[in-house]
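Please keep the sequence and the three-dimensional view at hand while reading.

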Amino acid sequence: MTQATTRAATRTAASTAAARTRWLQDNGVYVAVGVLLLFNALFTANFLTLGNFTTQLVQAAPVLIVALGMALVIGTEGVDLSVGAVMALAAAIIPLYLGAGPLMAITMALAVGVLAGAFNGFLVAKVGIQPIVATLALLVGGRGLALVIADGQLVQLHDETFLELGTGDVLGIPISVLVAGVLALVVAGVTNRTTFGRQLVAIGGNRKAATLAGLPVDRVLIGVYAITGVLAAIAGVLATSRLAASDPADMGLLMELSAITAVVVGGTPLTGGKVRVLGTVFGVILMQLVRATLIKHNLPDSIAQMIQAAIIIAAVYVARERK
Amino acid sequence: MTTTTTPPAVPRAAARTKVLQRQGAAVALVLVVAVSWLVFPRFGSPDNLRDLALQGSFLAVIAIGMTFVIITGGIDLSVGSLYALGGVLAAWGSQYGFLVALALPLVVCGVIGLINGLLIARTNMAPFIVTLASLLFARGLLLAITDEGANTYQIPADSAFVELGRGTVFGFGYPIFIAAVLAVLGGVVLNRTGFGQNVFATGGAEQSAVLLGVPVAKTKVLVYTMSGTLAGLAGALTAAYLQSGVTVIGVGLELDAIAVVVIGGTLLTGGMGTILGTVIGVGLIKVIQNVINQIGTLDSNYQSVVSGVFLLIVVVLQRILRR
């Protein structure tokens, strides 16, 4: 009797601990954002101003756009290391076609993004290479290619309409933030309400089973990587416009790390089978808030980087799948 | 009778695959060297060859550690940052004498490698994300000890430590001999010791290795510690050669190291690889870089494009040959 009670008690304790971990995995990011907001509201001067919030959102927008694609790829049990290189490629393409008008330039940049992504997808789906390896080749070569295209130069951009993308706003909301918001809604809709979204998650959960069940695995994978590519290109276009210059040497450097961090912090497991779009949005906001908090309290870049590294490890530690 | 005259097709195909994987890079290296020798008169000059070997030696030291990591099925993205950190630590330490200048980078980078290994082996976190975080951390640490990158420590020109980087035997720099000794040591450890067996077993089939009693966790901790230490050593040698701790070097160097390891025939999926292949990979990339520099019209950005393309070809070939 007592033995049974103890065993039951142990089991309850264990399941409570597991439930707590699960809860932390699912909701930790919202709590963390809340805590940081509260901390800043109390201890940071000029934090609760419209101007500050706008600045934070504008800075976070490109990361969010890339992270949305990354969330989808990670949902298929993949990863895309080439997003930063694709941003650099998009940045390098812009000045080449800006003479033919901003629409042409943007179209070409996005087309390159689709191509790059589809290429990654082809390697993963058809050739059967691990995602981390397949996208590594483009990470190695992509930025070099961008620099070759741009002749290694930073090019100042002067096209008024194109620069409007980075500086303009609609009803007070900066265009880049608006684009990021709309894309987040679209990606959320695609993941939760379409066949494509369900197939994507099914492939991430168990690719073999998905294949046996007759899902168009290859097509979905290529589609997902192409979407990630085009989203990275959009981020590259917006960031280039905000910078008012095409800078393939620095554009999107280490973006793969920021995007993966945001996705994982947001509760999407690296093991696939699950995509949390709202969590990803909050993951991006959290990392942006962390950076802003460190900067506003005058911590040097060095300390900020080390703290970010610690946060990434902590987040992945909490989110990891237990054996 | 017939059975003796027709050898089984499968082993022969497997053997051919093995030869292609083992010798592909060597054949490419011989071809590239031969063509370069004929086309570029300056290529074959003793000065150029010595310089080539010296440039290759720094990358080779890092790539030897990376080979071990990749054979265990892992990846180490922190080596570029650790390389830069090692250089800065060596330059700072040189004011306290030769021993400090050499030991400090080895110990600090080794400890960061050890932490990588512990996190990966004990907590089941993905190697690429752990080492991405330490890439960030090591850069942060580097900035912290150099006044946010503003301070470049100089090594006194008359110190013994400079001799380590600039001294020569028959015109060949000490780093070349150090890299050669390490390569031989690495090859012996990998192929002739129990630890080497464990490295292969860990990468070949981790679950089976665990069940067979292979100390998988210990092996992983050791290879990441090694990789970190070797990256620190390469940084220290570079600092000795440059007579200062340059803060901005090593960005993207991890990609070069991975590329040469993979080009040398080591499988990114783990379980198979050679140090000799890695050395050949270093030779191939460095020769191509050297040639690109000699064709005045091509800028150095082509080098990463070539690396990316090579990486892609090798990875796709490996995949196709294994079918």
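The text below treats the model as a whole, then each chain, the contact between them, and selected residues.

## Basis and confidence

This is a predicted model, in which local features need pLDDT of at least 70, side-chain atom pairs count only at pLDDT 80 or more, and totals for chains, interfaces and linings use all residues. Residues are numbered from 1 along each chain as its sequence is written, while chains are lettered from A and ligands numbered from 1 in the order in which they are written. The model scores are ipTM 0.82 and pTM 0.86.

Helices (H or I, at least four residues) and strands (E, at least two) are DSSP runs, numbered from the N terminus. On this basis chain A comes to 13 helices and four strands. With a radius of gyration of 21 Å, close to the 20 Å that the globule rule gives for 323 residues, chain A is as compact as a globular protein of that length. The radius is taken over C-alpha atoms, and the globule rule is 2.2 Å times the number of residues to the power 0.38.

Chain B has 14 helices and two strands. Its radius of gyration is 20 Å, close to the 20 Å from the globule rule for 323 residues, so chain B is as compact as a globular protein of that length.

The table sets out further values for each chain. In it, a residue is buried if 20 or more other C-beta atoms lie within 10 Å of its own, exposed if 12 or fewer, and partly exposed in between, with C-beta atoms placed from the backbone.

| Property | Value |
|---|---|
| Box of C-alpha atoms along the principal axes, chain B | roughly 75 × 55 × 30 Å |
| Buried residues, chain A | 48% of 323 residues |
| Buried residues, chain B | 54% of 323 residues |

Sequence separation of the contacts was also computed. In chain A, residues 24 or more positions apart account for 79% of the contacts with a separation of 6 or more. In chain B, 78% of the contacts between residues at least 6 apart in sequence join residues at least 24 apart.

## The contact between the chains

The contact takes 36 residues from chain A and 38 residues from chain B. On the side of chain B that touches chain A, the elements giving two or more residues are α5 (98-123), α6 (127-145), α12 (253-263) and α14 (301-322) of chain B. The residues on this side of chain B comprise 24 nonpolar, 10 polar and four charged. Ala, Val, Leu, Ile, Met, Phe, Trp, Tyr, Cys and Pro count as nonpolar, Asp, Glu, Lys and Arg as charged, and the others, Gly among them, as polar.

## Helix α5 of chain A

Helix α5 of chain A (residues 131-149) has 19 residues and reaches 26 Å from its first C-alpha to its last, close to the 27 Å expected at 1.5 Å a residue. The expected span is 1.5 Å times one less than the number of residues. α5(A) bends by about 30° at G141(A), the bend being the angle between axes fitted to the seven residues ending there and the seven starting there. The helix is mostly covered, as 16 of the 19 residues of α5(A) are buried. Just after α5(A), D151(A) takes a positive phi of about 60°.

## Selected residues

N298(A) lies in the loop between α12 (277-296) and α13 (301-319) of chain A. Phi of N298(A) is near 60°, a positive value in a residue other than glycine. N298(A) is exposed, with 7 other C-beta atoms within 10 Å.

In chain B, D147(B) is found in the loop between α6 and α7 (160-166). Its phi is near 55°, again a positive value in a residue other than glycine. D147(B) counts as exposed, with 12 C-beta neighbours inside 10 Å.

M104(A) belongs to helix α4 (residues 102-127) of chain A and is partly exposed, with 13 other C-beta atoms within 10 Å. The C-alpha atoms of M104(A) and V237(A), 133 residues apart along the chain, are separated by 12 Å.

How values were computed. Two residues are in contact if their C-beta atoms, placed from the backbone, lie within 7 Å.
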